[in-house]
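Dear colleague,

I am passing on the structure below, together with some notes on what turned up when I went through it. Please read the notes with the model open beside you.

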Amino acid sequence: MKTKFFSLLVLCVVTVSGWAQATKNTANLADVRKRLTQIYEKDQKERAAYDAVERQYGWGAKEAQDTRQKIKDMDKEHLAEVEKVIDQVGGYPGRSVVGQPLDQVAFLIIQHSTDRAVHEKYLPMLTEAAQKGELDKAGVAFLTDQVKVQKKEKQIYGTQIHINNQGKKDVYPVEDEGNLDQRRKEMDLEPMSAYLARMGVKK
């Protein structure tokens, strides 16, 4: 009888402990979703405000420069917040963790960083998240190419465009162009010909 009671007591403790942990995890995820929502809303609000300032005063005006600096400072703060979230959830806060559209927020903030080292640091994590369906593939393709171009290497998906010496839009060099459309398809990107037409690049 004593043994039976002890076993029941242990079971109750384990059950309560498991319930408490589940409740804590739910509360933590609710906090993560709230933080990501706040980050996204502020990000979009400040960028919309900058667009309005630039339209009114022009890109080189002091007002526009001050607003760009404000956005840079905001981006650094948001990156620090996102890094805390990544540590808290133990990986990328993707679709299965925070749902849609919040699964895109951490990626957006990482992409906004002007520090190439940040892109290179998180690209493997973002790539893995995209492969697992936790994050849209197309955005990761753009960031992958961005990192490649920054390192003066050939891009993989042909997403990066620049103005060439003739003053015309052109595509940065791409590796293995014969299989480019297949790689783009795998990342949910449109065919290269359609992309170039949409971007106004004449080849």
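In what order do the elements of the protein chain run from the N terminus on? They run α-α-α-α-α-α-β-β-α-α, and the chain has eight helices and two strands, where helices (H or I, at least four residues) and strands (E, at least two) are DSSP runs numbered from the N terminus.

Please keep in mind that this is a predicted model, in which local features need pLDDT of at least 70 and side-chain atom pairs count only at pLDDT 80 or more, while totals for chains, interfaces and linings use all residues. Residues are numbered from 1 along each chain as its sequence is written, and side-chain values use heavy atoms, with hydrogens and water left out.

Of the 203 residues in the protein chain, 34% are buried, meaning under 20% relative accessible area, with exposed being over 50% and partly exposed in between (1.4 Å probe, protein chains only).

Helix H4 (residues 105–112) has six of its eight residues buried, so it is largely enclosed by the rest of the structure; the buried ones are Val105, Ala106, Phe107, Leu108, Ile109 and Ile110. H4 packs with helix H5 (residues 116–131) at an angle of about 155 degrees, with the axes 9 Å apart, the axes being lines fitted to C-alpha atoms over the stretch in contact, and the angles running from 0 to 180 degrees between N-to-C directions. The two helices are therefore roughly antiparallel, a label for angles over 145 degrees. In their contact (heavy atoms within 4.5 Å), Phe107, Ile110 and Gln111 of H4 meet Val118, His119, Tyr122 and Leu126 of H5.

As a general point, an α-helix has 3.6 residues a turn, so residues three or four places apart point the same way. Just after H8, Gly200 takes a positive phi of about 75 degrees.

With best wishes

Terms used:
Angles under 35 degrees count as roughly parallel, over 145 as roughly antiparallel, 65 to 115 as roughly perpendicular and the rest as oblique.
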